[in-house]
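Welcome, and thanks for taking a look at this model. Here is a short tour of a few local features.

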Amino acid sequence: MSRRRMLASSAALGGTAWLLRGLARPDSAYATSPAPPGFPGGLDLYQGIYENWAGEIRTDALWTCAPRTAQEVLTVVNWAYAAGWTVRAQGHRHGWSPLTVADATPAAAQVILLDTTAHLTALSFASQDADGTAQVRAQAGASLEDLLAFAGGSGYGVTSAPAPGDLSVGGALAIGAHGTAVRAIGETRVAGHGYGSLSDLVTELTAVVWDTGANGYVLRTFGRADPDCGALLTHLGRAFVTEAVLRVGPDSNLRCVSRLDVPATELFAAPGASGSARTLAGFVDATGRAEAIWFAFTDKPWLKTWSVTPHRPFASREVTEPYNYPFSDSIPEPVARLAGDLVAGSWASAPLFGQVQYLLAKVALTGDITDVLLSGTLVRDILTGDVLTHLLAGGLRSDLWGASRNLLEYIRPTTLRETANGYAVLTGRADLQWVVSRFAAFYADLLATYAARGEFPVNGQVEIRVTGLEDPAVSGVPGARAPLLSALRPRPDRPDFDTAVWIDILSLPTTPALHRFYRDIERFLLTDVDGPRAAVRVEWSKGWAYTATAAWADPDVLGTVIPGTQRAGGGPGWDEAVATLDRLDPHRVFSNAFLDGLLR
């Protein structure tokens, strides 16, 4: 099946088909080749296709091992070193960038994937401390869903987390995964909680590193104050972490309110232009936690705000499990057919698809069907009475309340698989609205320009989140090191930069003109936004370094711009991290050709 047909099938089946993609168990047809020469016996070894979230990276059947213990990881790594192979950690593959393997990696490649999610999933408390915090020991293959459930079961939680639960702890730390949260006006940080990435919560980690005395690779534990730890906290796949200890704090109940009544021209208005308090910066000031989802070719984003709310408000619906937006987890069949039509080549249907996605969310969240009834025949043919009845049957979801994890996790693996670019814009809190207004105005104009030419590169949505920066003190470890390669590492020369605006644009893979559109967005951010009021860095897990036809391909962005954004401002950072990772793995067992070119 071609990639385009697979995408169409994914849409039509609500994502179910892709849950099974690339799966190859030891007894499958893929496990028919002789094992690599000298591979250690007694290990769970098979061949499987590696395919990432959006299907843009898909390999031949590669040798894959599911180690049961950290010692088995070490055994495979030392075999690989002696045999001249490389080792790549494999989690849940919920990523976009080629940090693990490259697209079309052939079966003959001397690379072995280590699937951490099969067995290396243990969770335990390393400590539960008198200040109300705890330290959770998590093996690399444990999912974030399981981690937050384990912590929450004993009354602990985090301030923010990525929306998908199907991320491995090892993968999330490797790329500096984040949620959306800064301090609300008047809010005081609670011990064990932070506003940066998950990597900033680490107190210690264990990694496989080279030991000259042993003439081989060994397991070594690095405390957060260890000078080498900073490079391992966000290592981009250039290391292999087997487990980490993360500090968590007392859990908080959250209230999540969704609204779709604020026009984009108001929400993303230039500072002072609208005279309204209903700006993104205003909502962030009020609650500290906000996300804007702006469907293509629509004028009112889906705005979610989370606020710390100990007791359930009268109007709120209590939820006891995560994933509380079923309309986005598995889209209705008529909407899926429209997505399939897009992938099959009806790309000019993007405005209709954007409108349908907006109305789908509005009906499911608020129960208001007025806009559907006033829409044209095409919309009403998709959002039929049966579809609306189904949406309303589950109850309204615009005002939810519950334990933090039940509100922070809301994306299932069955959601529509889209590609995404990603950038973190570091700025001062006072300039948050300036950043989003500059981006929103350029994006809207660019989308209209493309549409006037008959091109519709975006059929998904813009997603905007806001976080703080890394603060090593959050770990509670004296002398803790910052994650050196984190997009949220503070700039020593700009202490006023205390906020990061995360910007992603999502669209179905293979959409014509998409890479060119992404390239135009990237150049705007790097040339017009980056400057005295903001600093732009790439989001490691997403798409960047665009040419007109490909992602992760612009040699200037890869070789000059990205290292420059990390070096800017001085202090330990890019060069120190690269040198440390090279020293801990001098034989480059944990690398690939893309990382070899990037991290230099």
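Predicted model: local features only at pLDDT ≥ 70, side-chain atom pairs only at ≥ 80, totals over all residues.

Residues are numbered from 1 along each chain as its sequence is written, and side-chain values use heavy atoms, without hydrogens and water.

Let's begin with the helices. Helix 8 (residues 280-287) packs against helix 16 (residues 432-452) at about 145°, with the axes 8 Å apart. Here L280, A281 and V284 of helix 8 meet L432, Q433 and V436 of helix 16 (contact means heavy atoms within 4.5 Å). By class, 5 of these residues are nonpolar, 1 is polar and none is charged.

Now to the loop between strand 20 (534-538) and helix 18 (555-567), where A545 is found. W552 lies in the loop between strand 20 and helix 18 as well. Phi of A545 is near 55°, a positive value in a residue other than glycine, and W552, not a glycine either, has a positive phi of about 55°.

The table gathers relative accessible areas; buried means under 20%, exposed over 50%, and partly exposed in between, with a 1.4 Å probe and protein chains only.

| Residue | Relative accessible area | Class |
|---|---|---|
| A545 | 0% | buried |
| W552 | 16% | buried |
| C229 | 0% | buried |
| C256 | 0% | buried |

How many disulfides does the structure hold? The count is 0, taking a disulfide as a pair of cysteine sulfur atoms within 2.5 Å.

Methods:
Axes fitted to C-alpha atoms, helices over the stretch in contact; angles between N-to-C directions. Helix = DSSP H or I, 4+ residues; strand = E, 2+ residues; numbered from the N terminus. Nonpolar A, V, L, I, M, F, W, Y, C, P; charged D, E, K, R; others polar.
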